[in-house]
Amino acid sequence: MKFTILIVDDERNIRDGLAEAFGMEGYETVVASDGQEGMKILDERYIDLVITDLKMAKVSGTELLQHVKRQWQNIPVIIITAHGDISEAVQAMQFGALDFITKPLDLDHLLKLTKNALEFRELSIKNQELREEIEAQQRISSIIGKSPAMRKIFDLVRKVAPTKANVLVTGESGVGKELIADAIHNLSPRRDKPLVKVHCAALAESLLESELFGHEKGAFTGAQTKKRGRFELADSGSLFLDEIGEINQNVQIKILRVLQEKKFERVGGESTIEVDVRIIAATNKDLKQEISEGRFREDLYYRLNVVNIEVPPLRERREDIPLLATTFLQEFSQENGKEIEGFEPRARQALYAYDWPGNVRELRNCIESAIVMASGRFVAMEDLPPGPRSTQEKREIHIPAFSSLDEAEKILIAETLAITGGNKTKTAEILKIGRKTLYQKIEEYGIDVLDRQGSTKVQEPRS
Ligand SMILES: Nc1ncnc2c1ncn2[C@@H]1O[C@H](COP(=O)(O)OP(=O)(O)OP(=O)(O)O)[C@@H](O)[C@H]1O
Ligand SMILES: [Mg+2]
């Protein structure tokens, strides 16, 4: 994979000459004749390094430099300056230019500068991925996470796994409920015994009963042989009852009896079977609500919910996104035989900003398809599916004329909070103020911290 260098100079000879020289060194080059054209190119494609003249019509090199440093802090910028313009070059260094080089150009020197800068850039990107990889060691079984919410879940899993307590795992679809059930079983003394899984919603009512408890030969039409049920198969192991909120009252009573008495009969059978089974149940329904509406038995609920593990949606623990994304990236790069090293900064931002209604499952699918699409060493914005991509579309904040400075500040803060989905740390970062100042202003202006849709209050874990 080649590095791409953007060369910006209003003198055609210089930009074409440089493009040719860098091309011969194996770099890919794009040229622009002024800062404005340069900005447009930067918006449209992935650039590894910028070389720009200072004095140009329309947008100057200094403005281009400031634009780059605002948007893509890590893209190195090298300044070309006319002999004698040193003071401007020095100012450019203060704005974050990597170095400057005076005309007439010493090509060897420029090539060397570029090579070093790109090596350094590559290294720092790799380092970041590496750091995330190390952080990924913070996991149990295959559950990854570093947010306070996930750490709490890890602790809870470790604590409850060795016991016999039944566990109810709750949370939206795709948050990882089944992974947690796996972890509990795998960390329990029952790990060498079976973990049997039943997807309660997938089975018709009549089938579910015989699936769970088994049946005798001839118990009903089609029951040609005796069949052992999942409770029997899970004996001395664990039984995972997925989508427990979907089972009907009749089966609820039967499960309740097994939980209370540890015994049951097969469908159509008379002999009583005794089992020792640990139940892990999961649901994305609000069971309390189901109880109050008479659809779920309260006594069964208390038997199942000895320990509750509530998994928050991914949008409420965005700190987990980079870690999960990098892990999935490594997994799918390997699976697809591609050497993809990471995400372009803008793609990374998009992943972070998106709300992930399908939670980790959606993120995983998104990364898989991005890896299939990707053609470079880094996953680009264009490789992402429309959902996360849409978060990086340009946004504007409107402040009415004749607003006071305070009113303008209030609007700016409220809108930025809305864009970041109520994330105060990120909002403070964007506004370049401290978190404390932000909190004070939210308080002072009485700003409601709303989510993206502007409907519900966002809760942030205290930190
Ligand atoms: N913390 C995590 N670390 C790694 N992978 C995760 C994590 N959470 C979820 N996944 C992955 O996301 C996908 C969905 O997870 P899982 O099936 O456990 O979700 P679920 O909560 O049971 O969803 P549903 O309610 O739709 O059944 C799986 O591929 C799982 O491996
Ligand atoms: Mg599931």
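Q: By class, how many nonpolar, polar and charged residues does the shell around ligand 1 have?

A: Ala, Val, Leu, Ile, Met, Phe, Trp, Tyr, Cys and Pro count as nonpolar, Asp, Glu, Lys and Arg as charged, and the others, Gly among them, as polar; on that basis the shell around ligand 1 has six nonpolar, seven polar and four charged residues. This is a predicted model, in which local features need pLDDT of at least 70 and side-chain atom pairs count only at pLDDT 80 or more, whereas totals for chains, interfaces and linings use all residues. Residues are numbered from 1 along each chain as its sequence is written, while chains are lettered from A and ligands numbered from 1 in the order in which they are written.

Q: Which residues of the shell are the closest to ligand 1, and which elements give two or more residues to it?

A: A residue is near a molecule if its C-beta atom, placed from the backbone, lies within 6 Å of it. Ligand 1 is surrounded by 17 residues, of which the closest are Ser173, Gly176, Lys177, Glu178 and Val360. Two or more residues come from each of strand S7 (143-144), helix H7 (177-186) and helix H15 (359-373), where helices (H or I, at least four residues) and strands (E, at least two) are DSSP runs numbered from the N terminus.

Q: From which domains does the shell draw at least three residues each, and how far apart do the C-alpha centres of domain 2 and domain 3 lie?

A: Domain bounds come from an automatic or database assignment; the shell around ligand 1 draws at least three residues from each of domain 2 (142-312) and domain 3 (315-390), and the C-alpha centres of these two domains lie 33 Å apart. Counting a contact when C-beta atoms, placed from the backbone, lie within 7 Å, 12 residues of domain 2 are in contact with 12 residues of domain 3. On the domain 2 side of that contact, the residues divide into five nonpolar, five polar and two charged.

Q: Where are the cis peptide bond and the residue other than glycine with positive phi to be found?

A: Most residues other than glycine have a negative phi, and most peptide bonds are trans. Here the bond from Lys103 to Pro104 is cis, with omega near -5 degrees, and Pro104 is found in the loop between strand S5 (99-102) and helix H5 (107-135). Lys58, with phi near 55 degrees, is found in the loop between strand S3 (49-53) and helix H3 (61-71).

Definitions and conventions:
Contact = placed C-beta atoms within 7 Å.
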